[in-house]
Amino acid sequence: MSSEETVQGFQQTGRDIIGWNPDNEQQWQSEGRRIATRNLWISIPALLCGFAVWLYWGIITVQMLNLGFPFSQSQLFTLAAIAGLSGATLRIPSSFLIRIAGGRYTIFLTTALLIIPAAGTGYLLQNPETPLWQFQLMALLSGLGGGNFASSMSNISFFYPKKIQGYALGMNAGLGNFGVTTMQILVPLVMTFGLFGGESMTLQNTSGTLIGKIPAGTETYIFNAGWVWLLFLVPLSFAIWFGMNNIRDEHVSPDAKAALPAFAKILGMLAIGLLTAAFGLWLMLPAATGGAGTELNKWIVLPLVIVLTLLLLRLIPGKIQANLKRQFQIFSNKHTWAMTIIYTMTFGSFIGFSAALPLAIKVVFGYQHILVDGVMTHSTVNPNGPSALTYAWMGPFIGALIRPLGGALADRMGGAKVTQIISVVMVLSALGVAYFMQAAYASATPEDYFYPFLILFIILFAATGIGNGSTFRTIAMVFNKEQAGPVLGWTSAVAAYGAFIIPQVFGEQIKATTPEYALYGFAIFYTVCILINWWFYLRRNAYVKNP
């Protein structure tokens with residue numbers, strides 16, 4: 001196609017498209033499908049790297065523990081929690097970036113920004129004496145990778161017709177979610193050899209990779225966990241810039257006319273998310289980990305952070321304020337709130353368990369739980385304990401792999417029906433995991449309970465993956481084209497707080513020696529979601545019948 005050409009109703013000038021309507025079958029078959037496919041297949045690896053950089057703290061902290069970094073288990077849990085809170089909060093401004101700054105400009109800049117935490121984390125991991133606050137800063141910036149999901153899904157939703165929204169969004173999110181599995185396999189592997197040179201460190205405890213255990217005394221290059229992502233982020237940034245498009249139509253990105261003004265808007269809105277996330281963390285964290293010492297309850301802080309972020313965004317002057325006001329109309333739609341809760345059940349569980357599972361396996365099964373003078377202790381290393389790095393990737397792998405199937409099933413059966421089925425599976429799986437976790441945490445041989453624990457967790461991950469696809473199909477059908485994109489971003493933003501809440505809850509309950517209580521709480525929440533999904537979309541007089 002030439003630099004400016006009209007094809008079946010749309011015009012392409014450089015990388016900008018005007019008159020895009022994928023629901024026009026003639027336009028879609030002539031050139032639309034090809035353009036949409038190209039944008040999708042560049043978007044997927046960019047989103048994959050975003051997930052990887054966002055969630056690699058779950059693996060890095062396990063290895064920091066194995067290498068004897070001078071931090072407690074609770075301090076290490078805060079790194080995954082900080083990245084989780086930051087990534088979730090950054091999804092709030094990211095939900096509205098596409099209309100304000102354009103898809104191509106947004107995906108390019110937010111992907112390129114990941115180079116900062118990836119390079120910074122690698123640099124800091126060279127020195128075990130690095131202060132905790134510096135790792136916390138990198139964890140905060142890693143949240144940029146979590147924020148990318150909202151803008152990426154919103155962007156892709158505009159490229160595809162409604163009839164295959166479940167497939168398109170399932171492919172983008174599902175294969176993007178493979179960033180979790182890719183990271184959980186690649187990071188342990190690259191830490192075993194000097195890919196970038198540098199001085200190695202010596203394992204004090206047994207570690208692991210996909211192929212098995214690595215004994216204590218082995219030389220390890222933990223800093224490769226950050227630096228390896230530069231091999232992907234740099235070429236991907238070029239691919240996005242030269243391969244993706246801005247849709248400049250009124251209902252998508254009418255003001256995305258030049259790169260530098262778009263970049264300024266993106267950076268300003270992301271800065272608001274980072275600021276409010278840092279403020280929330282300061283309120284919650286103990287003084288020993290850089291907080292204010294108030295240790296304010298997370299159930300108070302999270303709504304405060306969300307509301308504060310939205311208010312600060314609304315204070316931005318000029319065209320952005322008018323643009324956001326139009327997009328904020330989604331909050332007056334009752335379906336926005338119903339789908340936010342339901343998607344929190346599916347994606348919030350997927351991302352939260354992905355972040356928490358490696359360290360949970362290490363703490364619950366990697367230590368013997370024995371009575372000493374009538375007191376249960378949990379500090380004796382279990383020589384027969386499973387390696388967290390060998391097994392933790394399996395659940396996220398299944399959850400990501402099966403997500404496109406969830407979208408395709410929902411396209412055929414209806415999204416709400418598929419969601420209802422997997423919700424029941426999630427309740428039963430969570431209760432089963434709770435049972436085996438309780439048994440393991442009271443046993444001197446916790447490895448006896450590991451495989452049923454793992455199998456049930458994999459089933460739980462599979463259910464979340466199918467539900468992720470089915471809920472996004474429901475959103476695409478319930479909302480009009482203009483609102484669907486922001487709603488996809490908003491629901492994913494709230495759900496992403498699972499990456500903060502679940503590691504925090506696991507950490508709190510493990511500290512209280514009752515890790516099974518975390519799963520009981522999740523099972524109760526899933527039951528509430530079953531009722532909401534039935535009321536809105538499955539009962540006889542539902543607002544929208546099985547969308």
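This is a predicted model: local features need pLDDT of at least 70, side-chain atom pairs count only at pLDDT 80 or more; totals for chains, interfaces and linings use all residues.

**Entry 1: a helix pair.** I started with helix 5 (residues 103-112) and helix 10 (residues 230-243), whose axes come within 9 Å and cross at roughly 170 degrees. Angles over 145 degrees count as roughly antiparallel, so I put helix 5 and helix 10 down as roughly antiparallel to each other. Then I listed who makes the contact. From helix 5 I got Arg104, Tyr105, Ile107, Phe108, Thr111 and Ala112, and from helix 10 Leu233, Ser237, Ile240 and Trp241. Sorted by class, that contact has seven nonpolar, two polar and one charged residues.

**Entry 2: the core.** Which residues have the most contacts inside the largest nonpolar core? I found Trp57, Met64, Trp229, Phe353 and Leu519, in a core of 191 residues. Helix 14 (residues 334-365) gives the largest share of this core, with 17 residues. I then picked Trp57 and checked what it touches, skipping residues up to four places away in sequence. My list for Trp57 reads Leu79, Ala80, Ala83, Thr121, Phe135, Met138, Ala139 and Ser142.

**Entry 3: helix 7.** Next I looked at helix 7 (residues 132-157), which has 26 residues. From its first C-alpha to its last, helix 7 reaches 40 Å, close to the 38 Å expected at 1.5 Å a residue. Is helix 7 largely enclosed or largely open? I got 23 of its 26 residues as buried, so helix 7 is largely enclosed by the rest of the structure.

**Entry 4: a serine in a loop.** I went to Ser253, in the loop between strand 8 (246-247) and helix 11 (259-284). Buried or exposed, I wondered about Ser253? Its relative accessible area is 0%, so Ser253 is buried. Leaving aside neighbours within four places in sequence, I have Ser253 in contact with Ile98, Arg99, Gly102, Gly103, Ile247 and Arg248.

**Entry 5: positive phi.** Most residues other than glycine have a negative phi, so I jotted down two that go the other way. Glu295 has a phi near 50 degrees, a positive value, and is not a glycine. I found Glu295 in the loop between helix 11 and helix 12 (298-314), and its relative accessible area of 49% makes it partly exposed. Thr513, not a glycine either, has a positive phi of about 65 degrees. Thr513 sits in the loop between helix 20 (498-511) and helix 21 (516-537). At 40% relative accessibility, I logged Thr513 as partly exposed.

Conventions
Residues are numbered from 1 along each chain as its sequence is written. Side-chain values use heavy atoms; hydrogens and water are left out. A nonpolar core is a set of buried Ala, Val, Leu, Ile, Met, Phe, Trp, Tyr and Cys residues joined through side-chain atoms within 4.5 Å. Buried means under 20% relative accessible area, exposed over 50%, partly exposed in between (1.4 Å probe, protein chains only). Helices (H or I, at least four residues) and strands (E, at least two) are DSSP runs, numbered from the N terminus. Contact means heavy atoms within 4.5 Å. Axes are lines fitted to C-alpha atoms, for helices over the stretch in contact, and angles run from 0 to 180 degrees between N-to-C directions. Angles under 35 degrees count as roughly parallel, over 145 as roughly antiparallel, 65 to 115 as roughly perpendicular and the rest as oblique. Ala, Val, Leu, Ile, Met, Phe, Trp, Tyr, Cys and Pro count as nonpolar, Asp, Glu, Lys and Arg as charged, and the others, Gly among them, as polar. The expected span of a helix is 1.5 Å times one less than its number of residues.
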